Amino acid sequence: MQTYSPEQALAEAKREFGEHGGVTPSIARSSTFTVMDPAIMPEIFGGIRGPENGGCFLYSRHFNPTVDILARYLAAIEGTEAAVCTASGMSAISCTLLQLCNSGDHIVASNTIYGGTHALLKELLPQLGITAAFVDISDLAAVEAAITDRTRILYAETLGNPTLKVSDIPALSGLARRRNLTFVVDNTFCPMLVSPARLGADIVVYSLTKFMNGASDLIAGAICTNKAMIHRLMDLHTGRIMLLGPTMDPRVAFDVIQRLPHLAIRMKEHGRRAAAIAEHLASLNVPVCYPGLITHPQHDLFSSMLNDGFGYGGMMTIDCGDQIKADALLSCLQNQEDFGYIAVSLGYFDTLMSCSSSTTSSEIDPKDQHRMGLSPGLIRLSIGLTGSLHIRIQQIDRAVKAVGLASA
Ligand SMILES: *Cc1c(COP(=O)(O)O)cnc(C)c1O
């Protein structure tokens, strides 16, 4: 267990009030801002003078007051010097990789990652001359063996999507430091639970679309890291965020700001319910995978990285063996039992569930799916926090029995 409290760190971040003393911040929707003294315009443009040292805001693709508040709060949660918000999780990931790699460079990545990231690394980036090797991230010798003299980045997810393989962040960060690589961690599944930057990650990327926002009503992302990297990303001449332009809308930033105060409560409740459901399924001998179960092969490793008091998160999988049985269970859970919704994505207040191999991991070809331990019958569940837990357990109990997955 770690002693860092991201919840307290957020509470201690300088609070931003609305322009009339409102308890919520104002939404600054202007795309452009008036400069009172034309003489300082060049200094503002050159990034020498910002709103904090006598300059002012200039243009909302550069900086926007509302989006900046969200970035500050995210940096506080992660314990990083700074953060930048983006229009999606994918833009946070793609801009990070493109900032650190030029044509000819190489990335070592976990083979258990989000389907879109896998496609980016395997198909899009090679078209720009940037290649990747995919490795079993829990095999440190394999990770090290994949590093070449052109490797720039080590890339992993805290909890791999969708098989929930755990990355040993302190060990991987040590390896990255020794081999002079930038260690990038996607922490989308584990906000509050795990603070990768505190454990040695150089850059933490997020899809804010998921748990961070928690309402499945917007798409957003963020990059949390040191100030120097944020300046590179925002550089007027070569910054990948500045020039590729995945800008977050201030209205989206406002919505996420309003949901951060209850992120800690939500994560605890997702985890409490997921743990109870996973334990019940395990007692019925259902092939359930949840990092909070002591039978999870990396339970102790995951426990050692967790911030105290948040539990083990809301994500679990059930391996139904084949897709026909997976579809039967999904249909029963949604259409008979009202347990949750058959939908991709995760981190919503209701339960979302999908068969990964044919949906969010369908970009990964069947051979690679097999290599990463992704069964065609694997259902990924993001356990929600609505309804009575007692009744939720009865619903899933009936469903797994109806499709013949329980053997106790
Ligand atoms: C959803 C997701 C992404 C992509 O995020 P978007 O906001 O959809 O662009 C990246 N990584 C993980 C782990 C995700 O679950």
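1. On the side of domain 1 that touches domain 2, α5 (115–127) is among the helices that supply at least two residues each, and α5 gives the most, with six residues.

2. The model is predicted, so local features need pLDDT of at least 70 and side-chain atom pairs count only at pLDDT 80 or more, while totals for chains, interfaces and linings use all residues. Residues are numbered from 1 along each chain as its sequence is written, and side-chain values use heavy atoms, with hydrogens and water left out.

3. The chain is divided into domain 1 (6–261) and domain 2 (263–402), with bounds that come from an automatic or database domain assignment. The contact (heavy atoms within 4.5 Å) takes 43 residues from domain 1 and 43 residues from domain 2. Between them the domains bury about 3400 Å², 65% of it on carbon and sulfur atoms; this is the accessible area (1.4 Å probe) that the two parts lose on being put together, summed over both.

4. Two salt bridges are counted between the domains (a side-chain nitrogen of Lys or Arg within 4 Å of a carboxyl oxygen of Asp or Glu). D368 forms a salt bridge with K122, the closest N and O atoms being 2.8 Å apart. D368, at 13% relative accessibility, counts as buried, and K122, at 36%, as partly exposed (buried is under 20% relative accessible area, exposed over 50%, partly exposed in between, with a 1.4 Å probe and protein chains only).

5. D368 also meets R371 in a salt bridge (2.8 Å, N to O). These two residues are three apart in helix α14, and are therefore separated by about one helical turn; R371 is exposed, with a relative accessible area of 57%.

6. Helix α11 (residues 263–283) has 21 residues, which at 1.5 Å a residue should span 30 Å, and its end C-alpha atoms are 30 Å apart, which agrees; the expected span is 1.5 Å times one less than the number of residues. Helices (H or I, at least four residues) and strands (E, at least two) are DSSP runs, numbered from the N terminus. The buried residues of α11, including R266 and H270, pack against elements among them α3 (65–78) and α15 (389–402).
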